[in-house]
Structures are given as structure tokens and as C-alpha cells.
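Trainee: Could you show me how to read strands and burial in a structure like this one?

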Amino acid sequence: MLNEPGGKRRRDKACLAATVAAVVLGVPFLVAQASKPDPKELAAVEKIRARIEEQAKKTATEKPAPYKVTIPNTIVSYGMAQIPAGQLTMGSSAAGARPDEQPVHEVKIDAFWMQTHEITWDSYLMFMFADQAHEREKPDALVDALSRPTAPHLEMSFGRGNNGFPAISMTQHAANKYAQWLSAKTGEFYRLPTEAEWEYACRAGGDGRLEPLDDYAWYKKNSPQGAFTSGTYHNVGTRKPNAWGLYDMLGNVMEWTLDQYAPYTAAAQQNPWARATKPYPHAVRGGSWKDDPAAVTCTARVASEASWKRQDPQLPKSVWYMTDAQWLGFRLVRPAALPSAEEMYRAWNNGVELDPY
């Protein structure tokens, strides 16, 4: 939402009260809440889309594969890998596959670009604090109007390190709003990947098995380091990439997807997206530094939980921080085709970020 401190607080309280009433009365309020775009937020999205179209005219030549982006007015950059259109058999029928990885089903995916590394603190802190990206010195009215995280009650790396390390412990809402911020900053459209896009990119044209796993992933066996004897995250890109040049798709930190966590169906699909209708659960992928090998695969799925905010002292719980998910991060995708303003709005505003617990 646009930054309107007093009005936003009043709207949030009203929304929370309506949400509680809906839960008590059994009314599907959150579905209705997500169905109608906020006019001011949609207007901001339309402005961002216009900026992206204008930027595309200036750089009409085909992007190289891969390419790099430097966040304007900073020295922080990230890589983008080209992911071709194609098809995958999503899920797993292997011995030991979990029930939520089945039934396997055919999925067609359009082309997109994906960040080669997980989002690091180097860039995420610029989103959290405007002065980190020199936005006070070079103001941008469109960027300045966007929602940003409130100040955290805890040091959100929990002493695990900042420079070059993956950003952690953000809500899916926070990841969505970071994507909106980055889109406005760079003039390229970014969003979280759908579950299908994430798994397709992880498999990289094969079955997704990366062996030996130690060469490609930080997980429970090899992640202990220094004082973190039970494991911790590591600098991004310090293990081998998969066949499409993507680092840390498995292990290090789990990654948010755009989807509500929901059972699979056997039907074939094209570009599926399980759109959010409630705060929990959403789908998280890839396994992390704390997981055994069975959870560090391209098909393993994790459902987000309210318990991931246990240490949050606020009531209601923050829409920005997952204080107890110190193994959770994300990376973004850029679809090859720019969607409509309303689709961009839906990618950045799922309407269910208020925690009912």
C-alpha cells in the first residue's frame, strides 16, 4: 500500500477487525478483500508499469544471457539467468516422495528470467532503510510512495552475517513489496516465482538431482560454521550452480514462492498460479541449511506457519517479519512478457498479509 501513516494504521485496524469478524462468522472475507484492487495502490502500479515500458523503449536491444543489473545509485548488482519456455513433469513419484509432491502432472511454462542468486542483505537493507540506497539524496517520488518495512524489534540477521549473505526472516508480503520496490527502482518487472516456475528452474532441463549434494548445497551436514554449531547460512554463490546458472536453488535458505500452498491435481496445466486467499499456508521451496538431504530437493514443499512469527512481540503480528524463520529467503523472476497492471498488482498485493492469529 502507499505510505499514508495515519490512514494506513486506521485501515489496518479496520481490516483486522473485519478479518476477525469474518473468522467468527465464517464469512470468506479474505477472498473478497483480495478480489478488489485498492485504487491508490493500483494507480501506483500503473505508474510503475509506465516506467517499465519507457525503460524498455530505451533498451530495445535483446538482453544478453545472462545479464547483470546494478540497483540505481548504488554499487549493488545481481545476475539474471534466462530460463527458456518448456514443459516439466511436476512433483515426484520416487520412492519416499511425500504425499504433497503427488500426483505428478504436466505443466507448460512460458519463458522468464530468474535471479542467479538469492536476495542478499546488501540489497534488502536498501529496501528496509531508504538512506541505504541514497534515496534521501536523490529522491524519486514514485519509489518514495511505496510501502516499506517498519523498523524491526530484533537484529534480523541474528548475528549470522550481512555482506554477501542471503536476507532472511521476511514475510511473503515483504518479499512481494521488495519486488515492487525493485521494479520501480530498475524499470524491470519483478515478482516471486510461482511454484511451477521455481521447480522448472530448479530442474534446469533435467530431473533436478545434483550430486554430490555437498558440491551444490549448504544443508544440515555441511552448514555448521564457527559459533553456529547447529548450522547457519553461507555467502550466496559459494557452491556450484545448476545447469541454468542458478546458485543455491537447493539449501542455504528456503525460498518463498507466489503460491498458496495447496494439493496438486493430476490435470495438465499452463503457467499455474495458486492465488492467495488466506494468510497461511503459502508454498516455500528448496530446503535450507538446517535440513536433511530428503528435504533439499527440487520437489520438496514446505507450508508456511504462524509459528514462524513466534518471537514477534507485536499484537497483531507484523506483516513484515518472520522472526523464527532464520532459514527463509527468496529470489525473484522477470517474465519475458510484461503483464497487465492488474496482474502486476496481484503479484505484489495478495490482500491476505494481515495475520489473524
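Trainee: In what sense do β3 and strand β4 pair?

Mentor: Strands (E, at least two residues) and helices (H or I, at least four) are DSSP runs, numbered from the N terminus, and two strands pair if DSSP finds at least two bridges between them. Here β3 and β4 (residues 105-109) run antiparallel, with five bridges. Methionine 90 sits opposite histidine 105 of β4. One caution: this is a predicted model, where local features need pLDDT of at least 70 and side-chain atom pairs count only at pLDDT 80 or more, while totals for chains, interfaces and linings use all residues. Residues are numbered from 1 along each chain as its sequence is written, and side-chain values use heavy atoms, leaving out hydrogens and water.

Trainee: What is the order of the three strands in the open sheet?

Mentor: The order is β3-β4-β7, with mixed pairing. β3 (86-90) and β7 (269-270) are the edge strands, each pairing on one side only.

Trainee: Is leucine 258 buried or exposed?

Mentor: Buried means under 20% relative accessible area, exposed over 50%, and partly exposed in between (1.4 Å probe, protein chains only). Leucine 258 has 4%, so it counts as buried. Leucine 258 belongs to strand β6 (residues 254-260). Contact means heavy atoms within 4.5 Å, and leucine 258 touches residues including Trp273, Ala274 and Ala347, not counting those up to four places away in sequence.

Trainee: How many of the 357 residues of the protein chain count as buried?

Mentor: The share is 52%.
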